[in-house]
Amino acid sequence: MEDGAGRGLECQKTMDGKVSNSNGPEKEIPSCCLKAKASIPESEAKFHSTVVSGWFSASQTCSGKSGKAVYFNNPMWPGEAHSIKVEKILYKEKSEYQEVLVFESSTYGKVLVLDGIVQLTEKDECAYQEMIAHLPLCSIQSPKTVLVVGGGDGGVLREVARHSSVEHIDICEIDKMVIDVSRKFFPQLAIGFEDSRVHLHVGDAVEFLKSACEGKYDAIIVDSSDPVGPAQELVEKPFFDTIARALRPGGVLCNMAESMWLHTHLIQDMISICRETFKGSVCYAWASVPTYPRYLYF
């Protein structure tokens, strides 16, 4: 690297609220730094069992009395944890299916958590929603009918609605609380529900697809949570068989498929099932979403 390369990139705060560097006059501290600087002390954020001293951890373990590892949250990432600084718990309730938690973070805005697993944050939700929606819809010509499985926050609907060729959008979400909470705390995502082409179905997606007409959909997007609990069925062969029946010839499926760094066994199983079930190509695609190691394939 040449001398001087990279200079001026440091964020050096001074006592008078300015940022200084060697290349020019002082500048105001960026809002991101001010927000982090003003975040509440850890001791004031002990509101929830998974929020320890003001930090939410997406995976956390300790040794129980038996000596075995005890997972406080998601066992899908053993030996790893991603922590987010918590400013305030905004919502915490148990639905019929899972615990729904919303908190304000120091750097990622509001965060939606289901059963201790981060689903989205205001800061990086766009990376996931855009990838899982536009990748399949741009891979076929003039899609008209689309089904979204899960996606109760409305973000995928928001992106699907950007496609002018789409005439009808079904969404099947099992947990109404997720929809209601998203409408209250994440209106910029839940705006997807307001499109006149959207038809909401609250219930089990497996049963919904069984009753769907054969060849009804041009595209099916499965925006499910991790394959534990109520989402377990959504990564098994009977579900993909049902999807294949509901897709028209030449239709496309895009499915959440976890991390290529952590879940190669799961990805291999899903790709094998899809190659056995669907005609045409089966590909794995990925997107960078900082707040969870989750990726997509279709």
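This note sets out points on a predicted model, from the annotated residue to the strands and a loop.

1. Annotated position. The UniProt annotation "active site", taken from an unreviewed entry, covers Asp223. In the model, Asp223 is found in strand β14. Asp223 has a relative accessible area of 8%, and it counts as buried because that value is under the 20% cut-off.

2. Surroundings of Asp223. Not counting residues up to four places away in sequence, Asp223 touches Tyr128, Gln129, Ile132, Val149, Gly150, Gly151, Asp153 and Val156. The side chains of Asp223 and Tyr128 are joined by a polar contact of 2.6 Å.

3. Helix α2. This helix covers residues 125-137 and has 13 residues. From its first C-alpha to its last it reaches 19 Å, close to the 18 Å expected at 1.5 Å a residue. Its buried residues are Glu125, Tyr128, Gln129, Met131, Ile132, Ala133, Pro136 and Leu137. An α-helix has 3.6 residues a turn, so residues three or four places apart point the same way. Tyr128, Gln129 and Ile132, which are among the buried residues of α2, are also among the residues that Asp223 touches.

4. Strand β12. Which strand is largely enclosed by the rest of the structure? It is β12, residues 168-173, because five of its six residues are buried.

5. Partners of β12. Strand β11 (residues 145-150) runs parallel to β12, and five bridges join the two. Within this pairing, Val146 stands opposite Ile169 in β12. Strand β13 (residues 198-202) also runs parallel to β12 and is joined to it by five bridges. Here the bridge partner of Glu173 is Val202 in β13.

6. Together with helix α3 (residues 155-160), strands β11 and β12 make a right-handed β-α-β unit. The contacts of Asp223 include Val149 and Gly150, while β11 covers residues 145-150. Val156 is another of the residues touched by Asp223, and α3 covers residues 155-160.

7. Ala212 lies in the loop between α6 (205-210) and β14 (217-223). Is Ala212 buried or exposed? Ala212 is buried, because its relative accessible area is 7%, under the 20% cut-off. Leaving aside neighbours within four places in sequence, Ala212 is in contact with Tyr217, Arg245 and Ala246. Ala212 and Arg245 are 33 residues apart in sequence, and their C-alpha atoms are 8.7 Å apart in space.

Conventions: Residues numbered from 1 in each chain as written. Predicted model: local features only at pLDDT ≥ 70, side-chain atom pairs only at ≥ 80, totals over all residues. Heavy atoms only, no water. Helix = DSSP H or I, 4+ residues; strand = E, 2+ residues; numbered from the N terminus. Buried < 20%, exposed > 50% of the residue type's maximum accessible area, 1.4 Å probe, protein only. Contact = heavy atoms within 4.5 Å. UniProt positions renumbered as here; feature names shortened; annotations may be inferred. Polar contact = N/O pair within 3.5 Å; in protein donor to acceptor, adjacent residues only side chain to side chain. Expected span 1.5 Å × (residues − 1). Pairing = 2+ DSSP bridges. Right-handed = clockwise from strand over helix to strand, strands pointing away.
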